[in-house]
Amino acid sequence: MVLGEQEQFLSYNGEVLIFQLSKPKLVEGASDKTMNLCVRRMAFNRDTKLFVEKSSGVFSMSASHFKIEIICCNCATDSRTGIILPCILMKKKKRNNVVKYLLLLLHSSNQFEQSFHFKLDYELKEDIRLFTGPSVLWRHANKLFYISSDIRTVLSAPVQLSSVVWTGEIESEGTVVLGIGTACLPENEDEDEFSTSDRAIWGREFFGYAIETQKMLTGTCFMPHAYSRVVSSVYICKNEMLKEQLRISLVAITHKNQLIWFQDGLPKGVCELPYEKPCSVKTAVTSSNDLLFVVSFASGNICVVQRRHSLQVASKWQNVKSVLVDDFVGSGSEQLLLLFKDDSNTELLSAFKITDLGEVNYASGINYKHDVPPAEGLQENGLLTVKALETRLQAGYTSVRELQQHLGLKRRVILESCRALIDLVEERTHILPTAKEVKCRRELISPLNLSEKPFFCKEGLVSLWDDVENPPHSLSKETSLASEVPEHFIEKLWQRVVGDSLVVGVKLTESFYLSLSDVSLSLVMDQDFSSISPIIECQNKIIKLNKAFSALTLSSCQIEPPPKKMKLDLHSNNDLKKEIPKRPSRVQLDRAKTVIAVTRLAPLLAFHRVCCIVLLHLKKQKRQNDSLQESKKVTVLCGKILLSLEDISNEKYSVKMLRDNNYCTGSMEDILAVLAVSIRFSFQIVSSDCTLTPVNSWLLGEMECTPFKECHDNIFCHKAGNVYGTVFNWTLKNPFEGVLTLFCRNLTVLFQCLHSLTRVLPPSCKVKLLRSGSKGALTEQLALALEKEILTLRSSFFSKESKAENSLAWGNEPGKKISDTPVASLLDSEEGVQQFRKKLQNEREESVLSMNQTMNGALYREIALKIAEAQLRSNIIVWRLS
């Protein structure tokens, strides 16, 4: 920004802040001794396509014997709270050439706070920067000076530099100043030996200076030495430490009207700029994830350079007063706000343009009502289009599946017809398959002979003549209730050794609907040990891996919703059969799960070498004609695992969590194994007056955590000691509230981690243990449990009603009701009256029986057990929510 300008623009949280100096209106007879610093918050209205004022504030200063000016403004982090606030540097110059500077902070209530002030005997003119603290940095007489709100004393850095090209934060170094200074040539070198061109190149060097640590950084990690003579401004796009080496990505503009992209100290691309004297460069990330470089020139011109396959100028504008980068339209990505010079209009923000060189494009002076559709409509139409395309894609996928099934059926019909033709030619009797045998069944034989896996399959082909259809009730109960197990639903079998535990995992592809509580693993020793049981005691867990780890023990798993959403219609059971789910639930979208068994390793190693058979137990869901859900237990052979002391000594199955490029390179099986032997704890951390930025610094710094390469949101602790191997997940709901989830080996590790964490948290923070997951997840589980409870009650009622209807025996025989004989004829004689009274008494007794029916004791126990289990699950979830 231009120094001394009395009108300054700053973007903050999608708003435009306008700072202006003005004198208050004086009443008659009053003296002019004050000056007001006014701020106006302007927001873009997407309906009117104009900027409107949201609020304003005023800060009054004494102007007696002072000349007051706005030097610069920027957004910087307040070290007291961790909140980014707008900062304004003011200058008050006395007549005796003593200059006083004030740094003001602007809060959300439009109240100004004076952070600190300082006095100098000269004016600030060169390379003035505002950064974290807030702090002020400037250059004077080729020396670097700075002052912060913590120290409040002007300090001088031990460096000589002719220009400052960038100031900002660099990982593991803190606040760093990049500058260009005079190179220190070796004393034994004769200056006459250097040519003029050599002195021009080697006489200047590019370097960095870390303010907190007072450490010098070599310039070669930013760019080659030869570029230091021509660079005028730099913007660092990305910085990180990989293998204890600083990796930098930056762009630089030069006096040669070029923009150059540097990666790890080497030039990767160059672009010729359209105007002369470039001043500064900043970046913007658009909705299409394009990285734009916005270059400002001394003449007031602006150009945008796009980085795709190569650097190229995407657009340019002239006569620009200021350019800001922020999310002004609320789309979730950044846009450019260009404010143009317009002497004809005195209104602020009257001549502007908002663009991201893509979908967002607003400009002043355009009637959007007729010319341009509103952004809301575009966004809504885009969402509707995406949903329609998703529906068409799903419908197309279903059509392809149906076509494949139809082609398979045609192929089977042709094959069976060929067999029938061959039998006819050879004068053999061809036996057609039964019409109802339409599914393939895979059955496991007894575990005594696990090496064989017979597979039986009969095609559902129907004879076109001389075929007598069997009624539905003639089929056996097993045939009517059987549901097949898919052939390929076991994706992988693996094993890991973690400490004193053996972890065995089976990855399932859930191509059919299973209840998580009905899946488990068993380990059976293949050797014949007569003195011990071949079954190994183990603990089962089911793990679904997503952005936030979800590790659930078998006892606490939530039952998934049934494959069909049932309507509670007591009058029509046919509707329940015909209803088809239009969209799968969120749980059903996760098509892969891993079932894990954890057992003690030491008893197995006593045999030196052991072979274990892995069996998967599950329940197949079945549906009867009355819509009751039942299940049948199935056991599937997954394979065998071998374990020996030699393999353990060679660390063949050990978990390998190594650091590589600031990531933890453990495989997915290693991650699951660590989670399986860990205990999960979740804590809600709330801070009332400070942001929770120390938590992330604590994880990456003191705890030495690195994110998993497979799941970046979850990090692995590499710190030596008991806490090594702890997995953390830190999720911020907002800057003042977050949830920290720990997966640790035991309670001792948990207490160590919490003790370390409480030392870095502000005293006002509140840490609360969450009993089981988030409130939203528990609420969803409670809804599913209540639905299951209602369906259990309803199915039990239908079961009792159907059994009662079949078991009732009424006293009246068909055709012998009272209404069949005229009442008048019965009452004519005494015998008829007695007959009428007897029949009436029988009907009363039968009516009472119909209202007070009894049921079998076994049926009652079965219904009571189902209802109690459903209610117990609901009560447990309600307790967790309380």
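This report walks through one predicted protein model, from the whole chain down to single residues.

## Ground rules

The model is predicted, so local features need pLDDT of at least 70, side-chain atom pairs count only at pLDDT 80 or more, and totals for chains, interfaces and linings use all residues. Residues are numbered from 1 along each chain as its sequence is written, and side-chain values use heavy atoms, with hydrogens and water left out.

## The whole chain

The protein chain has 882 residues, and 40% of them are buried. Buried means under 20% relative accessible area; exposed means over 50%; partly exposed lies in between (1.4 Å probe, protein chains only). The chain holds 13 helices and 47 strands. These are DSSP runs, numbered from the N terminus: helices are H or I with at least four residues, strands are E with at least two.

The chain exposes about 50700 Å², and carbon and sulfur atoms supply 52% of that area. Accessible areas come from the Shrake-Rupley method with a 1.4 Å probe; for residues, only the protein chains shown count as cover. A contact means heavy atoms within 4.5 Å. Among contacts with a separation of 6 or more, 55% link residues 24 or more positions apart.

## Confidence

pLDDT is the predictor's confidence in each residue, from 0 to 100. The chain averages 76, and 72% of the residues score at least 70.

Residues 464-484 are one, with 19 contacts in the model beyond four places in sequence. Residues 804-820 are another, with 13 such contacts. Where pLDDT is low, the predicted coordinates should not be read in detail.

## Nonpolar cores

A nonpolar core is a set of buried Ala, Val, Leu, Ile, Met, Phe, Trp, Tyr and Cys residues joined through side-chain atoms within 4.5 Å. The largest one here has 41 residues. Phe19, Leu37, Leu89, Met90 and Trp138 have the most contacts inside it. Strand β7 (residues 99-106) gives the largest share of this core, seven residues. A second, separate core has 28 residues, including Phe489, Val497, Ile536 and Ala597.

Look at Met90. Beyond its neighbours within four places in sequence, Met90 touches residues including Leu21, Leu37, Met61, Ile68, Tyr101 and Leu104. In soluble globular proteins, nonpolar side chains tend to be buried together.

Two strands pair if DSSP finds at least two bridges between them.

Four bridges join β9 to β10. In one of them, Glu126 has Arg139 of β10 as its bridge partner.

The peptide bond from Gly133 to Pro134 is cis, with omega near -5°.

Ala141 sits in the loop between β10 and β11 (143-148). Its phi is near 55°, a positive value in a residue other than glycine. Ala141 is exposed, at 54% relative accessible area. Asp264 lies in the loop between β19 (258-263) and β20 (266-272). Phi of Asp264 is also positive, near 55°. Asp264 is partly exposed, at 28% relative accessibility.

## A covered helix

Helix α7 (residues 668-676) is mostly covered, with eight of its nine residues buried. Among them are Ile671, Leu672 and Val674, along with Glu669 and Asp670.
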